[in-house]
Structures are given as C-alpha cells and as structure tokens.
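Keep the viewer open while you read.

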Amino acid sequence: MIELENVSKEYVTHGRHPKPIVALRDVNLTVNSGEFVSIVGTSGAGKSTLIRLLIAEEKPSHGAITIVDRDITKLRSNDLPYYRRKVGVVFQDFKLLPNKTVTENIAFALEVSDVSTIEITTRVPRILNLVGLTDRANLYPDELSGGERQRTAIARALVHSPRILIADEPTGNLDPENTWEVIELLERINRAGTVVFIATNNNAVVDKLHRR
C-alpha cells in the first residue's frame with residue numbers, strides 16, 4: 001500500500017555558504033493494507049517532511065515512494081489533484097473554510113472535483129453520520145469545538161472514499177477529551193478498511209493505541 005525505499009530529503013540553506021540540511025536519511029518503510037501506523041518523534045524529527053512527501057507536496061532528494069503500486073515521485077503536475085483525492089489528508093490546524101458550514105466544507109471538496117449535485121447530497125449526509133456530526137451540519141467552524149472541527153476535517157478527507165488517510169498531528173490542538181474522540185474515530189475508519197497513517201509527538205496516544 002505504502003512503500004518507501006532509501007528515501008532521503010535534503011534542504012539547502014541560503015547565504016554565502018549554502019549547505020544541505022538533512023531532514024530524512026535513507027528511510028525504508030512498508031505499510032500494508034488495513035494497517036494503522038503511527039510515526040512518533042519530537043518536533044524537528046522529520047515527521048511533517050515525511051507527510052509532505054507522502055502527499056506529493058514535495059519530492060525526495062533520493063529514493064522512491066510507491067503508493068498503491070504507483071511511484072508518486074514521478075507524478076506530473078496535472079496528476080496531483082486526482083492523486084490527492086485518493087489519499088485523504090488531515091492537518092493539525094483543520095484548514096476549514098470559515099464562511100462555510102460543516103456541510104458546505106465537506107461538499108466543497110466534492111464540488112471542486114465536479115461531482116454531481118445528486119451524488120453530493122447522497123454522500124455528504126453519510127459522511128456526517130460516520131463522524132458523528134449530523135446535528136452540527138449547519139454550524140460554522142467558529143461555532144464548533146476543537147474536536148468537532150477536526151472531525152469535520154476528517155469528514156472532508158473521507159468524502160472521496162480514499163484508501164489511505166494521512167494525518168499530521170491530528171490531535172495537536174485538542175484537549176484530552178477531544179483527542180480521544182478523534183483517535184476513536186480514526187480507529188473506526190481503520191476498522192472499515194482504510195489505512196490510517198498518523199504523525200504525532202503524543203506518546204500517550206501511541207501507547208494507548210497498541211498498534212504499530
């Protein structure tokens with residue numbers, strides 16, 4: 001499902017004497033169908049760099065990244081929107097549109113992909129029910145708790161039925177109660193067959209998951 005082979009990422013500093021800064025060095029990783037995998041490390045360890053490589057936001061300096069039998073380092077720019085619809089992504093800061101309701105935020109992800117109105121009206125309520133936000137559907141982001149905002153972001157990531165869900169510090173801005181609500185939702189999504197791959201510095205979350 002996900003395969004990294006000898007992946008390295010270097011950034012070059014600017015200035016009179018530019019030099020490379022190594023963010024990742026010779027990473028080898030395999031994630032199989034049905035897995036729930038956590039990447040753990042302190043700030044600056046390279047977790048977010050790894051996430052950016054997996055969502056093809058950046059390319060590695062060396063190595064190959066194969067996702068669902070496709071080397072994503074060779075994707076052309078016009079392939080990226082299609083690829084990112086197949087891999088759901090959730091960020092720490094939610095990235096919700098403030099002037100749209102929960103329903104509209106989720107529907108917007110389909111609208112920009114030219115999904116029909118009939119399909120949108122069928123798919124969005126189903127996703128709202130999955131993440132437990134049916135009764136919050138008409139509220140705006142600033143009317144939601146942090147956990148509800150993150151669940152909205154997860155719903156938006158799931159609306160294309162991705163085979164893989166990648167989350168970068170999904171509980172970083174949440175209190176303990178909302179953290180466990182989000183983790184339980186991610187576990188439920190994983191049990192339904194979606195690979196879940198999270199980056200976190202919250203060791204308590206990883207310890208309680210008892211997963212890889």
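A word on the ground rules. This is a predicted model, so local features need pLDDT of at least 70 and side-chain atom pairs count only at pLDDT 80 or more, while totals for chains, interfaces and linings use all residues. Residues are numbered from 1 along each chain as its sequence is written, and side-chain values use heavy atoms, with hydrogens and water left out.

**The cores**

In soluble globular proteins, nonpolar side chains tend to be buried together. The term nonpolar core stands here for a set of buried Ala, Val, Leu, Ile, Met, Phe, Trp, Tyr and Cys residues joined through side-chain atoms within 4.5 Å. Buried means under 20% relative accessible area, exposed means over 50%, and partly exposed is in between (1.4 Å probe, protein chains only).

The largest nonpolar core has 35 residues, and I154, L165, L186 and I189 have the most contacts inside it. Two or more residues each come from helix 3 (102-111), helix 4 (117-130), helix 5 (146-158), strand 7 (164-168), helix 6 (176-191), strand 8 (195-200) and helix 7 (203-209). Those names come from DSSP runs numbered from the N terminus: helices are H or I with at least four residues, strands are E with at least two. There is also a second, separate core of 27 residues, with L29, V31, V37 and L80 among its members.

How many of the 13 residues of helix 5 are buried? The count is 11, so the helix is mostly covered.

**Salt bridges**

Side chains of opposite charge can pair when their charged atoms come close. A salt bridge here is a side-chain nitrogen of Lys or Arg within 4 Å of a carboxyl oxygen of Asp or Glu, and the structure holds 10 of them.

| Pair | N to O distance |
|---|---|
| D79 and R76 | 3.4 Å |
| D93 and K95 | 3.5 Å |
| R151 and E181 | 3.6 Å |

R151 sits in helix 5 and E181 in helix 6, so this pair ties together parts that are 30 residues apart in sequence. R151 is buried at 14% relative accessible area, while E181 is partly exposed at 30%. Elsewhere, K9, R52 and E58 are linked in a network of salt bridges.

**The largest pocket**

Rolling a probe the size of a water molecule over the atoms shows where empty space is left. A pocket is an open set of points on a 1 Å grid over the protein atoms alone, where a 1.4 Å probe fits, with protein on both sides within 12 Å along at least five of seven lines; lining residues have an atom within 4 Å of a point. Points are joined across faces, edges and corners, and the volume is the space filled by probe spheres set on them.The largest pocket holds about 560 Å³. It has 22 lining residues, and R84, V89, A109, R156 and A157 are the closest to its centre. Helix 2 (80-86), strand 6, helix 3 and helix 5 each give two or more residues to the lining, and strand 6 gives the most, with four.

Most residues other than glycine have a negative phi, and most peptide bonds are trans. D26, in strand 2 (residues 20-31), has a positive phi of about 50° and is partly exposed at 48%. H210, in the segment after helix 7, has a positive phi of about 55° and is exposed at 68%.
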